[in-house]
Amino acid sequence: MRHYEIVLMINPDKSEKISQIIEYYSNLIITKKGVIHRLEDWGQRVLSYPIKKLEKAHYILMNIEVSVEFLKYLENNFKFNISIIRYLILLCSEAFKKMSPILQIQENSKKELVSSKNNRRKNIKKVLS
């Protein structure tokens, strides 16, 4: 079994079905005796250039360990899934389990936003007192 990193770009019109897509592929990998080391939903992001007349896409990152034969099956499944507008499969030397840098940046920006809102509230209370 080999380690792979897969990035899926999903049509933003199908965003309400993201959880179903993730569940489908997760179950498919597990039933074929594969291992999911990391699964991240990066959310909608703006594309650098339009793909199929779309300006945004919903990104999913998976680090998995599966056989070569099953990976070929997965790739074929990605090609014919109309919800997936692009995909990228990379062969990795080891399993990656840590949070990706993109998700870390998103988490940090959320924390900064919450702290700035709290600081504003404190400042408003000081002014009103």
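Helices (H or I, at least four residues) and strands (E, at least two) are DSSP runs, numbered from the N terminus. On that basis the protein has three helices and four strands, and from the N terminus on their order is β-α-β-β-α-β-α. The model is predicted: local features need pLDDT of at least 70, side-chain atom pairs count only at pLDDT 80 or more, and totals for chains, interfaces and linings use all residues. Residues are numbered from 1 along each chain as its sequence is written, and side-chain values use heavy atoms, with hydrogens and water left out.

**Whole chain**

Show the surface first. The protein exposes about 8900 Å², of which carbon and sulfur atoms supply 55% (accessible areas come from the Shrake-Rupley method with a 1.4 Å probe; for residues, only the protein chains shown count as cover). Of its 129 residues, 38% count as buried, where buried means under 20% relative accessible area, exposed over 50%, and partly exposed in between (1.4 Å probe, protein chains only).

**The sheet**

Switch to cartoon and select the four strands. They form an open, antiparallel sheet in the order E2-E3-E1-E4; two strands pair if DSSP finds at least two bridges between them. Strand E2 (35-51) and strand E4 (84-92) are at the edges with a single partner strand each, so one side of each has no neighbour in the sheet. From one strand to the next, the twist averages 20°.

Now select residues 2-10, strand E1. Eight bridges join E1 to E4, and the two run antiparallel. Tyr4 stands opposite Leu91 in E4.

**The cores**

Show side chains for Ile6, Leu8, Met62, Ile64, Leu74 and Phe78. These have the most contacts inside the largest nonpolar core, which has 19 residues. A nonpolar core is a set of buried Ala, Val, Leu, Ile, Met, Phe, Trp, Tyr and Cys residues joined through side-chain atoms within 4.5 Å. E1, H1, E3 and helix H2 (68-80) each give two or more residues to this core, and H1 gives the most, with six.

Centre on Leu8. Not counting residues up to four places away in sequence, Leu8 touches His58, Tyr59, Ile60, Met62, Phe78, Ile84, Arg86 and Tyr87. Then select Leu47, Ile51, Leu54 and Ala57, which are among the eleven residues of a second, separate core.

**The salt bridge**

How many salt bridges does the count come to? The count comes to one, taking a salt bridge as a side-chain nitrogen of Lys or Arg within 4 Å of a carboxyl oxygen of Asp or Glu. Select Arg38 and Glu5: they form a salt bridge, with their closest N and O atoms 3.0 Å apart. Arg38 lies in strand E2 and Glu5 in strand E1, so the pair ties together parts 33 residues apart in sequence. Arg38 is buried, at 11% relative accessible area, and Glu5 also counts as buried, at 18%.

**Last stop: Lys33**

Select Lys33, in the loop between H1 and E2. Lys33 is exposed, with a relative accessible area of 68%.

Technical notes. Axes fitted to C-alpha atoms, helices over the stretch in contact; angles between N-to-C directions. Contact = heavy atoms within 4.5 Å.
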